[in-house]
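These are my notes from going through one structure. I list what I looked up, entry by entry.

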Amino acid sequence: MEAGAFVWCRDDKGDEAWLYCEVLKKAANELTLKEKSKGDVFTRGVESRNEETGETKFDGVELANTPLSEEEKQEGRDNDLITLPHLHEPAILHSLSDRFFRGKIYTWTGPVLIAVNPFQRLPLYTDDILEVYRRDGLLRAQGMQSGEDLEPHVFAIADRSYRQMMSDSRRSQSILISGESGAGKTESTKIVMLYLTTLGAGSGDVEEKTADEDEDEDTKELSIMQKVLQSNPVLEAFGNARTLRNDNSSRFGKFIELGFSRAGHLMGARVQTYLLEKVRLAFHAAGERNYHIFYQLLRGCKEEDHVKYEFHDGITGGLELPMFFHYTGQGGAPHLREFTDESGLEYTLKAMRRLGWSEETIDNVLSLIAGLLHLGQITFNSVEKDGMETAEIADEKILGYSSRLLGVDVEGLRIALTERIIVARGQEIKTNLTPEKASDARDALAKTIYGALFLWVVDQVNQSVGWENDSDIRSSCGVLDIFGFECFATNSFEQLCINYTNEALQQQFNQFIFKLEQAEYEAENINWAFIEFPDNQDCLDTIQAPKIGILSMLDDECRLPKGSDRNWAKRMYDQYIPEKNQNVSENTRFQATNVQKAKAIFCVRHFAGVVQYTAETNFMEKNKDEIPLTAHNLFETAPNKLLQDTYAIQQRENLGRSADEDATAKGGKAPKQKTVGQQFKEQLSSLIENVQKTDPHYIRCIKPNDAAKPLMMTRKRTTEQLRYGGVLEAVRVARAGYPVRLYHTSFYQRYRMLLPTTSDEDLPWSMEGHEPQQLCVKLVDFVLEEGSKHKAATANGPLNPNEVGITRSEKIRRMQAEPIPMAFPKTDVQLGLTKVFMRKHPHDCLEAHRVFHQHASATMIQCWARGLAAQRQYYIVQDSIQTIQRTYRGYKGRERYVVQSQSLYTSFFILSQTHMMLHFLSTDGPACARHRPECCSRRFFVCLSNGVHTIAQNEERFDTKPSSVVTIFEGSMLQSKSNSTIDASLHTRNSGCSSLRLFLSSVPHVLELLASS
Ligand SMILES: Nc1ncnc2c1ncn2[C@@H]1O[C@H](COP(=O)(O)OP(=O)(O)O)[C@@H](O)[C@H]1O
Ligand SMILES: [Mg+2]
């Protein structure tokens, strides 16, 4: 983390979660950072320091990965985050968000598929795309490559599990989907099921699928594939509700097991559900809704059925039906955004018929729903009986509606609502309830009936889609759609169960990753024995251990006649933090401060973080989930067959598998009902047992924003989910031993530059023709040797940058701040067959030195670049000066030339006159063939006086007699015998080629010449 490095810095104040920053300065105790987008500069202190290695961890600062280029992204280099050199929260967050905005909602993180909810319909699930994945899977299964690496997709994970299932071992598979509400679990489950059922369907079934879509005949016998797909709408109608987070939120956990024959044909399915949120039946918050089926019936049923269900518009006082009923109107009965309830009912009825339900059964179910709605309308008057305040049904008519529609005896219902029966010493004691308690009894009854109805619906689905003979099933693929980790302001029993489930699944996940890691280490021929893996068994024990586990203590408390939530909390404090002022249990998973103890609050440190549970939120009541004796009697005597069936299933669930044993053991006495905690523990352990027998696959769904808007990502919320969804934990497990893994070539190419002075013979710069693993071994040896040499050299302080004889780059290096020493145990770097495995410290060392060398090289390059720039500048200036000089000199030269040539012309003129004169003076001058005497000859008079010739055309001009008379032929070539030179050469106009090389002073010679010729 040297100056110049790019890092992610935790955003403690804003919503960004992490900020992309550049390290401006690194001091021993402080890092100065500059935020890249806004340019804010701030500092970060030290979080921890390892004195031995010199490693310093700065608070909330993580090294950033080198950004990928557009081409690399196009190639899909970011498809799997596990390949990132730095794999931590900000790196994952950054990559996910980058991909999300490029429309890529799926990303691998090793074996986990992260699915970010797009909140818009993307064209990712068409038949064509399904076919591409199917074909690719088929080719791979046959050991062939399809040529292209397909994008991460739910289809890919479904395909992987199908192919694995069809491999020789025929091992069963499971796809575990988790995420918070609205993250897309149910949608992903549907996509997985669509893919698996399509693959598992015979070719005839697939054709039938298309044909069925146009078919109006609902009762037509469907293929198993169709039935399995049709089970979803029915389960969703009874188990899904609109919440503030999700319009179609599943309020139960679900494990669907698809059974396949040896040939890979889908034979049927089995559905197991977990923890239906029964509280919703009696209460839902503003803006939310009860289960869909109520609204579908109220808004969608035909006019003529209104009488049957006693939905009389006249009684609603002008309110819309869903607003009128207490159980449906508490949240304002909002409509769904994607579907209407009218079409919802049609869809549900169609699915029920397709699953093979008779019209009578459907009618009974809907009557029960209407009966529950009327049950919720029953109110109580307060009357005095034997001096006690007791409840009396306010409106007998509504009681009548309800009992008729529920199919129970009206008197039995009245008793169930207004009386309580306690059995003491074998005797039944009846007490009257107050109006308030009667309302509670009404709600408890409604919850029980609905809970039982839901179990019955699941049972019916199982009967429709289940396989006939277990022997037909060779292997199965289970899909788990289960609530993710939850942490609210107030957490209650539901959150404890949900988080317990996630804790158990996380443990299973850890073990799975451990196995994968083990396989990778073995494949790479690396010793893995000394690697520690995270383990959350202690947390699971804290919750589930017999006697001292949180749930066991809750059960114990439930058995006490005077048990209370507060007593239960005290029990736990005594068990886990018995010392005065002790806050944290010895196993570190349970904690509570004194203030929390006073409020009966306790905290559990889960794998995803600490969750604070408030004991006084009806833990005991929710755990007991008791059916009052009056309700038992009501069910047992109910004439309605449906109600009896639902009750039987409820009893079967409550009493569990050991019910019969219990009954015989206690001599026919009614077996004790299991608490919800016990039931759940059993269900969960059976689920984990099942999963452990399979090859698991993981999909973690992420909700990018709470507003359910497309193309929007709240980074802080996304980070929370990565943490809670166990993605980061997965990464932690995956990177527990040697977290950094680089292929040999990448390793060598990245770190060869740490040894700039090592010669090419010792350590070649090019890897061509060399064995990569050998090169890496050598590189590590050299690096360590260099490190120890440097340590010895700097034992007496830093090296002198001004030392004589060192190279310029060495000088630059010595002038820089020293990085952490390059020293680490050799075992911290393991050379596998294809990859180099590194622990964090050696990796940090190498990276620090890399930055250090990059800086030195950058400074060196800057030296050269700056020198070159200065030189270039110099040349430009020099050239300009020379140009100016040249131009000026040229100008001057031309100026002189003009002057000189004029003077030459002048002199020539004079000379030629002289010549002419000489010619004229000579009586018979040289004959010139080319010149006519009249034009060429001119006569001049030359007078020599005191050694100076004076030339004139007129004799009278001279004072004395001319010494000679010269006739000059213009243009004739005259040669001077003198050696004198002339400044410029001139062309005579007539001859065109001859040059006159004359000197004024040579005139006498010319005269001589002429005289002699
Ligand atoms: N892959 C997807 N494509 C388009 N929309 C989706 C996708 N996954 C989820 N959604 C949207 O998000 C909503 C909530 O998804 P759902 O699967 O019901 O969440 P969960 O089961 O996790 O609570 C869906 O109703 C749908 O509108
Ligand atoms: Mg759901």
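I looked up Phe325 and found it buried, with a relative accessible area of 1%. The model is predicted, and I read every value below with that in mind. Phe311 is buried as well, at a relative accessible area of 2%.

I then checked the geometry of these two rings. The centres of Phe311 and Phe325 are 5.8 Å apart and the planes stand at 70°, so I logged the pair as edge-to-face, the cut-off being over 60 degrees. Phe311 sits in the loop between helix H10 (303-308) and helix H11 (321-324), and Phe325 in the loop between H11 and helix H12 (326-329). They are 14 residues apart.

Next I took Phe512 and Tyr698. Their ring centres are 5.5 Å apart with planes at 45°, so this pair is tilted. Phe512 belongs to helix H18 (residues 493-523) and Tyr698 to strand E22 (residues 695-702), 186 residues apart. Both Phe512 and Tyr698 are buried. I noted 32 aromatic pairs in the structure.

I turned to ligand 1. I counted 17 residues around it, Asn117 and Gly182 being among the closest. A side-chain N or O atom of Tyr125 is 2.9 Å from a nitrogen atom of the ligand. A polar backbone atom of Lys185 is 2.8 Å from an oxygen atom of ligand 1. The protein buries 92% of the 550 Å² that ligand 1 exposes when taken alone.

Last, I looked at the magnesium ion (ligand 2). Thr186 (OG1) and Ser250 (OG) coordinate it at 2.0 to 2.1 Å. Thr186 lies in helix H5 (residues 185-200) and Ser250 in strand E11 (residues 249-250), so the pair ties together parts 64 residues apart in sequence.

Technical notes:
Residues numbered from 1 in each chain as written. Chains lettered and ligands numbered in written order. Predicted model: local features only at pLDDT ≥ 70, side-chain atom pairs only at ≥ 80, totals over all residues. Heavy atoms only, no water. Near = heavy atom within 4 Å. Polar contact = N/O pair within 3.5 Å; in protein donor to acceptor, adjacent residues only side chain to side chain. Areas by Shrake-Rupley, 256 points an atom, 1.4 Å probe, with all protein chains shown as cover. Donors = N, O, S within 2.8 Å, 3.2 Å for Na, K, Ca; no water. Helix = DSSP H or I, 4+ residues; strand = E, 2+ residues; numbered from the N terminus. Phe/Tyr/Trp six-rings, centres within 6.5 Å; stacked < 30°, edge-to-face > 60°. Buried < 20%, exposed > 50% of the residue type's maximum accessible area, 1.4 Å probe, protein only.
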